[in-house]
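Please look over the sequence and the 3D view below before reading on. The text then goes from the whole chain to single residues.

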Amino acid sequence: MKVAIIGSGLGGLLTAAFLSKKGYEVEIFEKLRFYGGRFTSLKYKGFQISTGALHMIPHGKRGPLGILLKKVGANVEIVDSKPEGELLYGDKSDRSDERIEVRSSVFPLGSKIKFFKWLLKYRMFRSDPYMDKYEKELDELSRKFLKSFLGWSLSIQSSEIKFSKLLAIYRNVVKYNGPGIPIGGCKAVVDSLVEIIKSNEGNIFLKNPVKGLKIENGMIKKLEVKEGWEEFDIFISNIGHEATGKLLGEKYSDEEESRGIKYSISIDRPFIGHTGVLFTLNCEKISGMNEVTNADPSLAPQGKHFLQAHQPLKDVTRVEEEIRSGLEELKLLLKGYDYEILAIQSYFNGWPVNRMMSGRDIGYKTPYSNLFVVGDGAKGDDIEVDGIALGIAEMLEAEFDERIGL
Ligand SMILES: Cc1cc2nc3c(=O)[nH]c(=O)nc-3n(C[C@H](O)[C@H](O)[C@H](O)COP(=O)(O)OP(=O)(O)OC[C@H]3O[C@@H](n4cnc5c(N)ncnc54)[C@H](O)[C@@H]3O)c2cc1C
């Protein structure tokens with residue numbers, strides 16, 4: 001059976017690895033000159049500057065992506081973060097005694113009781129408001145952590161996520177634990193998937209955008225690439241529902257992206273000093289940072305550390321102002337450190353943080369029985385690449401089960 005995959009992001013490659021391993025003839029078409037989409041990196045001054053992701057997997061090796069990578073035989077080592085996170089709280093930001101490890105015990109009992117009250121209201125009356133309604137009831141530390149967590153993990157504000165979706169994230173953290181860093185960064189993950197695909201005679205065609213899809217008798221029959229129209233049995237799109245619809249001249253979904261700004265920083269000595277996330281509660285713009293060289297020094301040249309900071313972006317007409325404010329905060333945070341900003345990347349308009357704001361993904365199905373969507377926009381009930389893995393597992397089990405055997 002011939003399978004065409006549109007786009008070589010993490011979702012397309014992970015799906016292709018499973019299908020090629022099970023004997024499907026897989027061909028991947030990618031419009032750019034590199035594969036991996038927003039989950040790979042390009043080398044600059046010896047640093048692995050990522051095309052999107054902060055070189056982190058939300059639930060490390062124990063999460064849905066870690067599990068699927070193992071099942072498909074990908075040769076990836078993931079270092080689970082320790083501590084999972086720390087709160088930077090207070091004004092004198094570079095003093096380590098103002099950092100608190102993220103643990104349930106650091107949050108005041110009053111706010112925990114509030115959380116259980118909301119849970120009860122949700123269970124009994126299906127009361128499910130957006131979190132901006134509830135956050136006012138929280139103490140200052142919990143409120144600032146919520147803002148920082150949503151900004152770092154999802155690039156959204158409390159007014160953009162319902163209680164039930166936050167609850168799902170909380171449950172997944174309890175179930176799978178916190179983040180991890182793949183050795184070699186995002187690129188190592190996609191490289192290992194490509195190795196599997198190629199060893200199973202799958203093909204990847206770079207600089208070859210898919211321009212259209214053709215329907216015959218209610219099914220997708222062909223796709224248009226550089227070489228002309230080509231026929232396949234199954235079509236898997238890794239470009240989101242909206243762009244997939246456009247290939248058919250149809251509109252079957254509106255996506256509402258979440259946007260952000262990422263700063264890649266070279267620093268002479270560790271600022272964070274561990275493999276977890278530093279939630280910057282003392283900042284207005286920057287929501288968090290990580291220092292991936294504490295897990296894998298090879299992500300930077302010898303003697304340097306690689307710090308990344310993330311800032312959510314609400315209004316695309318204010319990108320430059322937002323960057324100026326973000327840089328001011330970084331200057332305060334990194335006072336006394338020798339550092340260099342290597343790259344400032346903004347993410348919106350088709351290359352966002354999330355194509356579909358977290359919690360609003362609409363699954364892998366399309367109106368056509370042989371066309372499926374994987375990746376961001378078709379995530380399962382988890383965040384970022386772990387959500388992508390869950391969406392793929394669901395599709396493989398439901399549509400390909402006897403042959404895939406997940
Ligand atoms: C700043 C930032 C930080 C992030 N941090 C993290 C993190 O630390 N951890 C995490 O888990 N997630 C993170 N994410 C999210 C994560 O990067 C994405 O969820 C994930 O990479 C999306 O993968 P995907 O499968 O949807 O494919 P995409 O990466 O969206 O890839 C789609 C591919 O399709 C190609 N394409 C598009 N149109 C066509 C066409 N017509 N024909 C052929 N090819 C086409 C594109 O060029 C691209 O290569 C972050 C994202 C950003 C932007």
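The paragraphs below describe the chain, then its ligand, then a few residues in loops.

Keep in mind from the start that this is a predicted model. The chain contains ten helices and 19 strands. The C-alpha trace spans about 65 × 55 × 40 Å along its principal axes.

How much of the chain is buried? Of its 406 residues, 56% count as buried. Among contacts in the chain with a separation of 6 or more, 70% are between residues 24 or more positions apart.

Next comes the ligand. Around the ligand there are 32 residues, and those that come nearest are Gly-11, Glu-30, Arg-38, Met-56 and Arg-355. By class, this shell has 17 nonpolar residues, nine polar ones and six charged ones. Which helices each supply at least two residues of the shell? They are α1, which covers 10–21, and α10, which covers 384–404. The most is given by α10, with three residues.

A polar backbone atom of Gly-11 is 2.7 Å from an oxygen atom of the ligand. For Asp-376, a backbone N or O atom lies 2.8 Å from a ligand oxygen. Leu-54 also has a polar backbone atom facing this account, at 3.0 Å from an oxygen atom of the ligand. Taken alone, the ligand exposes 1000 Å², and the protein buries 94% of that.

The remaining residues are found in loops. Tyr-24 lies in the loop between α1 and β2, the strand at 25–29. Is Tyr-24 buried or exposed? Its relative accessibility is 5%, and buried means under 20%, so Tyr-24 counts as buried. To get a sense of distance in the model, compare Tyr-24 with Pro-301: they are 277 residues apart in sequence, and their C-alpha atoms are 40 Å apart in space.

Three further places concern backbone geometry. As background, most residues other than glycine have a negative phi, and most peptide bonds are trans. Lys-82 and Pro-83 are joined by a cis peptide bond, with an omega of about -5 degrees. Pro-83 is in the loop between β5 (78–80) and β6 (85–88).

The other two places have a positive phi. Arg-126 is not a glycine, yet its phi is positive, at about 55 degrees. Its loop runs between α3 (109–125) and α4 (131–135). Exposed means over 50% relative accessibility, and Arg-126 has 56%, so Arg-126 counts as exposed. Glu-201 is likewise not a glycine and has a positive phi of about 65 degrees. Glu-201 sits in the loop between α7 (185–199) and β9 (203–205). At 71% relative accessibility, Glu-201 counts as exposed.

How values were computed
Residues are numbered from 1 along each chain as its sequence is written. This is a predicted model: local features need pLDDT of at least 70, side-chain atom pairs count only at pLDDT 80 or more; totals for chains, interfaces and linings use all residues. Side-chain values use heavy atoms; hydrogens and water are left out. A residue is near a molecule or strand if one of its heavy atoms lies within 4 Å of it. A polar contact is a pair of N or O atoms within 3.5 Å; within protein, one must be able to donate a hydrogen and the other to accept it, and residues adjacent in sequence count only if both atoms are side-chain atoms. Accessible areas come from the Shrake-Rupley method with a 1.4 Å probe; for residues, only the protein chains shown count as cover. Helices (H or I, at least four residues) and strands (E, at least two) are DSSP runs, numbered from the N terminus. Ala, Val, Leu, Ile, Met, Phe, Trp, Tyr, Cys and Pro count as nonpolar, Asp, Glu, Lys and Arg as charged, and the others, Gly among them, as polar. Buried means under 20% relative accessible area, exposed over 50%, partly exposed in between (1.4 Å probe, protein chains only). Contact means heavy atoms within 4.5 Å.
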